[in-house]
Amino acid sequence: MAMAAALMAGALRRGRAGVGGASEMALRRLVSTLIIAEHEGGLVKPSSLSALAAAEAIAKENKVSLLLGGSGPTLHKAAQHAASSHPLVNEVLVADSDVFAHPLAEPWAELLRSVQQKGGYSHVIASSTSFGKNLLPRAAALLDVSPVTDVTAISEPWVFVRPIYAGNALCTVRYTGESPCMMSIRSTSFSLATESMSETKVAPITQVDLSFLSEASSRKSSWVNLTSQDTERPDLANARVVVTGGRGLKSAENFKLLEQLAEKLGAAVGATRAAVDAGYVPNELQVGQTGKIVAPELYIAFGVSGAIQHLAGMRDSKYIVAVNKDADAPIFQVADYGIVGDLFQVLEELLEKIPDKK
């Protein structure tokens, strides 16, 4: 595999602009991808499964390895889930150590460098989650390459589309550096075909050699704790319905009305940066350029003006409903349906007429 990566790097240095059809097909056959997969509760997270769709977009003949880290029974359950998650998965690599039980960039970057040096992958993919955004730049620096971030579409194995100017423009970039081509993908832009998921194929599970680990790398940072809301509502990044509130809600107390509506709809609750900065809700609920990127089937915005930074995080939603008393609010320019009126009256009516979720 390392020889394949070397051949590909040579082709990259000669320039891909002049590559002919036969050579291009040969290059596609040399493609191999390492996906940094996240897992929880013994299952691979949906954002990491979306990375499989991105790998398939790079090349249909892609040889994909999934890298999982952590310790204990949940890691091995997640490995089994990963092994049967998609026919494209060629191998599941497991780094079984307490060092990788938490998403710390320093030891994970060392792990990624070691796996890449042994595997010689042409591409490395991570989701644009907090973990992916933290890990990828550090690992890329160790491998002396430049990462391509926030990829939303893949035109060719080394040609990608990514948003710029807070999502107001799309930029097509061609990677011309050395292997591997490291990228983070917006999971909301890639979805696996259902028919592919139904095919039964179980990939082999291999333990990663961890002899490279040193005490120095694990001492650079330490895990303190995880603080999160204790709720049965779906995860904001993967929810089918998202109910979001802005500064127009005026207080943390009023946000409880949104939570009641979310309970009835089986939805996740989101917020604008202004609402988070005002202390109405914790920052883990922030949607936008500096928060979470979401693309649910239904996005309902209450008291959201529609700042560019917020629109960058939700403009890919299938249906957008906006409720705002200002008829000129920018949110109405992207909304499929809009209600100009008092959001509290609208909320009260919705809570009254929508039955409780069974």
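**Close-up views of a predicted model**

**Figure 1. Helix H9 and the glycine that follows it.** Helix H9 is followed by glycine 266, whose phi is positive, near 65°. The structure is a predicted model, in which local features need pLDDT of at least 70, side-chain atom pairs count only at pLDDT 80 or more, and totals for chains, interfaces and linings use all residues. Residues are numbered from 1 along each chain as its sequence is written, and side-chain values use heavy atoms, with hydrogens and water left out. Helices (H or I, at least four residues) and strands (E, at least two) are DSSP runs, numbered from the N terminus. The 14 residues of H9 (residues 252-265) should span 20 Å at 1.5 Å a residue, which agrees with the 20 Å between its end C-alpha atoms; the expected span is 1.5 Å times one less than the number of residues.

**Figure 2. The buried face of H9.** Phe255, Leu258, Leu261, Ala262 and Lys264 are the buried residues of H9 (buried: under 20% relative accessible area, 1.4 Å probe, protein chains only). These residues fall within an arc of 165° seen down the helix axis, so they line one face of H9; the arc is that of the directions from the axis to the C-beta atoms. Their cover includes strands S13 (241-245), S14 (268-271) and S15 (298-302), together with helices H10 (273-277) and H13 (343-353).

**Figure 3. Surroundings of valine 243.** Valine 243 is found in strand S13 and is buried, with a relative accessible area of 0%. Leaving aside neighbours within four places in sequence, its contacts include Leu258, Leu261, Ala268, Ile300 and Phe302 (contact: heavy atoms within 4.5 Å). Valine 243 and alanine 268 are 25 residues apart in sequence, with 6.2 Å between their C-alpha atoms.

**Figure 4. Helix H5.** Twelve of the 15 residues of H5 are buried, so this helix is largely enclosed by the rest of the structure. Among them are Glu106, Trp108, Glu110 and Gln116. Just after H5, glycine 120 takes a positive phi of about 60°.

**Figure 5. The largest pocket.** About 1,800 Å³ of space lies in the largest pocket, where a pocket is, on a 1 Å grid over the protein atoms alone, an open set of points where a 1.4 Å probe fits, with protein on both sides within 12 Å along at least five of seven lines. The volume is the space filled by probe spheres set on the points, which are joined across faces, edges and corners. Of its 49 lining residues, Glu38, Glu40, Lys45, Asp235 and Lys292 lie nearest the centre; lining residues have an atom within 4 Å of a point. Helix H6 supplies the largest share of the lining, four residues.

Note on methods: Buried means under 20% relative accessible area, exposed over 50%, partly exposed in between (1.4 Å probe, protein chains only).
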